[in-house]
Amino acid sequence: MKTYALQMEGITKEFPGVKALDDVTFSVRKGEIHALCGENGAGKSTLMKVLSGVYPSGTYSGRIVINGKEVHFKDIKESQDAGVAIIYQELALVPEMTVAENIFLSSDLMRKKIIDWNELYAQAQYWLDQIGLSIDPQTKLGELTVGKQQLIEIIKALTKKAEILILDEPTAALTESDVEILISLLKDLRAKGVTCIYISHKLGEVITLADSVTILRDGQTVSTDSIEELTEDKIVTKMVGRTLTELFPYEKHDIGDPILEVKNYSFHHGGINETVAKEVSFSLSKGEILGVSGLMGAGRTELFISLFGGYPGKKSGEVIIDGKTVDIKKPSEAIQAGLAYVSEDRKRYGLVLGMEITKNSTLAALQKVMPKGLIDTEIEMKNAGELTSRMNLKAHSLEAKVSQLSGGNQQKVVLSKWLFTNPKVLILDEPTRGIDVGAKYEIYKIINELSQQGVGIVMISSELPEVLGVSDRVIVMSEGTITGELTREEATQEKIMKYATAGRDKNESNII
Ligand SMILES: Nc1ncnc2c1ncn2[C@@H]1O[C@H](COP(=O)(O)OP(=O)(O)OP(=O)(O)O)[C@@H](O)[C@H]1O
Ligand SMILES: [Mg+2]
């Protein structure tokens with residue numbers, strides 16, 4: 001039997017008003033990939049922050065034993081020195097710097113008064129070769145796909161001699177082909193003896209990758225099993241404490257007159273001096289759910305942000321909302337015209353993290369909470385309460401700051417905020433990124449309800465099963481144009497992928 005790389009025993013961690021971890025036991029064998037699963041707010045990230053010294057020794061109770069020795073980390077530096085490396089979903093890299101500079105950012109190689117560039121590039125090349133990545137170390141990091149950047153982050157951890165590698169939702173922002181590369185790298189690392197803790201809401205990945213799975217629910221350990229004893233359904237049941245019978249609550253609904261019509265629309269983004277939408281034409285009807293598919297970088301987000309007035313630039317073509325031609329130049333005009341846009345990047349565009357849930361959830365329609373010119377906190381509370389109870393928001397109080405919520409619960413607040421504007425057209429950009437299976441179902445139900453009320457819905461998503469399970473119709477984009485359109489009945493993963501790679505260099509979607 002293999003020995004343990006890590007044992008966490010009786011870990012309890014409280015925040016004011018919340019017991020995030022309650023007597024958690026978590027043991028990881030040397031050289032295995034151990035998945036950590038649980039609903040949003042179950043305590044996964046908190047447990048990893050305890051392990052990596054983000055929450056220092058003394059701020060939690062319980063014991064942490066690494067390679068048989070008890071440890072008391074006072075900060076992240078100490079855990080790094082002991083071989084623990086944590087990679088967050090939000091990458092901590094500098095896009096303007098080269099790959100080599102990023103890899104050795106905090107190492108002695110970069111701290112020297114006179115940097116030996118030949119040495120730096122040679123070292124970087126060595127590590128790139130080690131994991132079989134054919135990238136020039138002098139490439140600017142920002143030119144790589146998010147997937148490749150993720151791999152660079154892992155190399156960076158490996159150069160620090162990481163023995164325990166923690167990945168907290170690493171694939172939430174990756175396309176399917178990038179995910180495959182990451183998975184094969186993790187398998188290679190396992191063969192080399194690196195221990196890996198893998199947090200993901202994508203249970204298919206967990207099944208293909210993990211050797212063991214620990215499940216947390218409400219801050220407590222439910223079970224640890226080896227993968228042979230589990231199926232996706234079994235994991236879900238343990239996570240939510242009940243059996244989920246269906247993943248997509250799709251119901252047939254009436255589709256009405258066109259609500260958004262876009263004709264020969266092109267947009268030249270002044271900020272980056274690039275044409276992000278080229279001769280795009282599509283229409284969306286009342287009550288219709290339009291899925292928008294495509295590979296990362298296909299221009300889906302850019303198209304809809306430009307329609308929402310989010311970029312400076314020049315446009316041509318025509319946009320008609322509810323029968324009226326509009327000329328939207330900024331987001332406030334878009335909201336006025338009946339559009340709502342739920343961003344894929346909730347931290348950057350969606351939320352004010354230091355503000356309460358109540359305030360965040362009404363932010364996009366302040367006039368509705370200010371009937372007499374002043375903010376009426378009672379209306380605020382009532383609305384925040386109604387919207388969030390529909391989404392099973394997990395928070396100890398509606399007046400808690402959004403920064404204290406788990407990732408998935410933050411996403412629910414973003415959605416509430418936009419629903420509060422009563423939009424005619426709701427644009428959802430990766431709406432279930434980082435959301436657990438149970439809450440995904442809740443969000444799909446809300447999408448269905450809204451469509452039944454006649455709201456036109458655009459759902460940009462990189463998860464093909466979600467696009468197929470939720471949409472009435474699917475448009476596929478590549479390189480800033482629409483390359484295909486499929487009805488719900490016609491749409492399959494294969495057809496979507498064929499359109500998504502249309503006009504692209506075949507190798508481009510492959511990362512290596
Ligand atoms: N800094 C904090 N202050 C107060 N409460 C917190 C803080 N950080 C986390 N919590 C609470 O602790 C609980 C566990 O949160 P955690 O982020 O560990 O969940 P998670 O399992 O990672 O969820 P997700 O899948 O959504 O990322 C949640 O109820 C959360 O609101
Ligand atoms: Mg988390």
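1. A residue is termed buried under 20% relative accessible area, exposed over 50% and partly exposed in between, with a 1.4 Å probe and protein chains only. By that criterion, 52% of the 512 residues of the chain are buried.

2. The model is a predicted one, in which local features need pLDDT of at least 70 and side-chain atom pairs pLDDT 80 or more, whereas totals for chains, interfaces and linings use all residues. Residues are numbered from 1 along each chain as its sequence is written, and side-chain values use heavy atoms, without hydrogens and water.

3. The chain holds 18 helices and 20 strands, taken as DSSP runs (helices H or I, at least four residues; strands E, at least two) numbered from the N terminus. Its radius of gyration, over C-alpha atoms, is 24 Å, close to the 24 Å of the globule rule for 512 residues (2.2 Å times the number of residues to the power 0.38), so the chain is as compact as a globular protein of that length. The C-alpha trace spans about 70 × 55 × 45 Å along its principal axes.

4. Glu466 belongs to helix H17, residues 464–470. Glu466 is buried but forms no salt bridge (a side-chain nitrogen of Lys or Arg within 4 Å of a carboxyl oxygen of Asp or Glu); Lys440, the nearest side chain of opposite charge, is 5.1 Å away.

5. Which side chain is joined to that of Glu466 by a polar contact of 2.5 Å? The partner is Tyr444. Beyond four places in sequence, the contacts of Glu466 (heavy atoms within 4.5 Å) include Phe248, Pro431 and Met459.

Key
Chains lettered and ligands numbered in written order. Lys, Arg positive; Asp, Glu negative; His and termini not counted. Polar contact = N/O pair within 3.5 Å; in protein donor to acceptor, adjacent residues only side chain to side chain.
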